[in-house]
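This briefing is meant for a reader who is new to the structure. Please look over the sequence and the model first, and then go through the topics one by one.

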Amino acid sequence: MTEKQDEIREKYLEMYEKAGIYLTEEEKSRVSFWGYHCDNDDIGSGGVNYFNTSRCTVWELVMLPWQTIPQHRHPPVGSYPGKEETFRCRYGSVHLFVEGERTGEIKGRIPRGREEFFTVFHEIVLQQGQQYTLEPNTLHWFQGGENGCVVSEFSTVAMNGYDIYTDPLITRCREGSGEQQY
Ligand code: ZN
């Protein structure tokens, strides 16, 4: 882990504490920063996986202010309609962008230099205690608000290898890193 990643990890652990979320030492050891662009800390997040069975999975995600999970969708695979995700904000706020009518003035920030790969702008801002369920195979991206966020993600089974990212650079980075994601 680089010094920078270590720094981000420390901040993530503080945020879990602020959120009042207890993690075991073993779980804490699995918290790290996952970048999608090796050189851009704004595109990435952290999290810890509680369990991942053949039917469902739960993540406790964490993002610093304006850190972004880039636009993607979870397509059908065979008879499986694709991953359905429910996000519940535990701390701070999260800006979720989904398909649908474009929000007039969005409050989230489109990552610089990658604007062309963000195309859905129906914005839903979740505050602590609010949640949203996303249909499978719909484009989405999300971002930590001004104080960052801790967000629980409850979903059907993840088939990460099939996820489709709008930004081709991310697909390449993921292939290189082997990171498994939401
Ligand atoms: Zn997703």
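This is a predicted model: local features need pLDDT of at least 70, side-chain atom pairs count only at pLDDT 80 or more; totals for chains, interfaces and linings use all residues.

Residues are numbered from 1 along each chain as its sequence is written, and side-chain values use heavy atoms, with hydrogens and water left out.

- Strand E5 covers residues 85-98; helices (H or I, at least four residues) and strands (E, at least two) are DSSP runs, numbered from the N terminus.
- Eleven of the 14 residues of E5 are buried, so this strand is largely enclosed by the rest of the structure; buried means under 20% relative accessible area, exposed over 50% and partly exposed in between, with a 1.4 Å probe and protein chains only.
- E5 pairs with strand E8 (residues 140-156) in the antiparallel sense over twelve bridges, where two strands pair if DSSP finds at least two bridges between them, and Leu96 stands opposite Phe142 in E8.
- Strand E6 (residues 122-127) runs antiparallel to E5 and is joined to it by six bridges, with His122 in E6 as the bridge partner of Val98.
- Strand E7 (residues 131-134) also pairs with E5 in the antiparallel sense, over four bridges, and here Phe87 has Tyr132 as its bridge partner.

**Aromatic pairs**

- Rings of Phe, Tyr and Trp (its six-membered ring) pair if their centres lie within 6.5 Å, with planes under 30 degrees apart counted as stacked, over 60 as edge-to-face and the rest as tilted; by this rule the count comes to five aromatic pairs.
- The rings of Trp34 and Trp59 have centres 5.3 Å apart and planes at 90 degrees, so this pair is edge-to-face.
- That pair links distant parts of the chain, since Trp34 is in strand E1 (residues 32-37) and Trp59 is in strand E3, 25 residues apart.
- Trp34 is buried, with a relative accessible area of 7%, and Trp59 counts as buried at 12%.
- The rings of Phe97 and Trp141 have centres 4.0 Å apart and planes at 10 degrees, so this pair is stacked.
- Phe97 lies in E5 and Trp141 in E8, so the pair ties together parts that are 44 residues apart in sequence.
- Phe97 and Trp141 are both buried, and together with Phe118 and Phe121 they form one aromatic cluster.

**Glu60 in strand E3**

- Glu60 is found in strand E3 (residues 56-63).
- Glu60 is buried yet has no salt bridge, and the nearest side chain of opposite charge, Arg90, is 4.1 Å away; a salt bridge is a side-chain nitrogen of Lys or Arg within 4 Å of a carboxyl oxygen of Asp or Glu, and Lys and Arg count as positive and Asp and Glu as negative, whereas His and the chain ends are not counted.

**Glu27 in helix H2**

- Glu27 has its place in helix H2 (residues 25-29) and is buried, with a relative accessible area of 15%.
- Leaving aside its neighbours within four places in sequence, Glu27 is in contact (heavy atoms within 4.5 Å) with Tyr22, Val48 and Tyr50.
- Glu27 and Asp42 are 15 residues apart in sequence and 24 Å apart in space, C-alpha to C-alpha.
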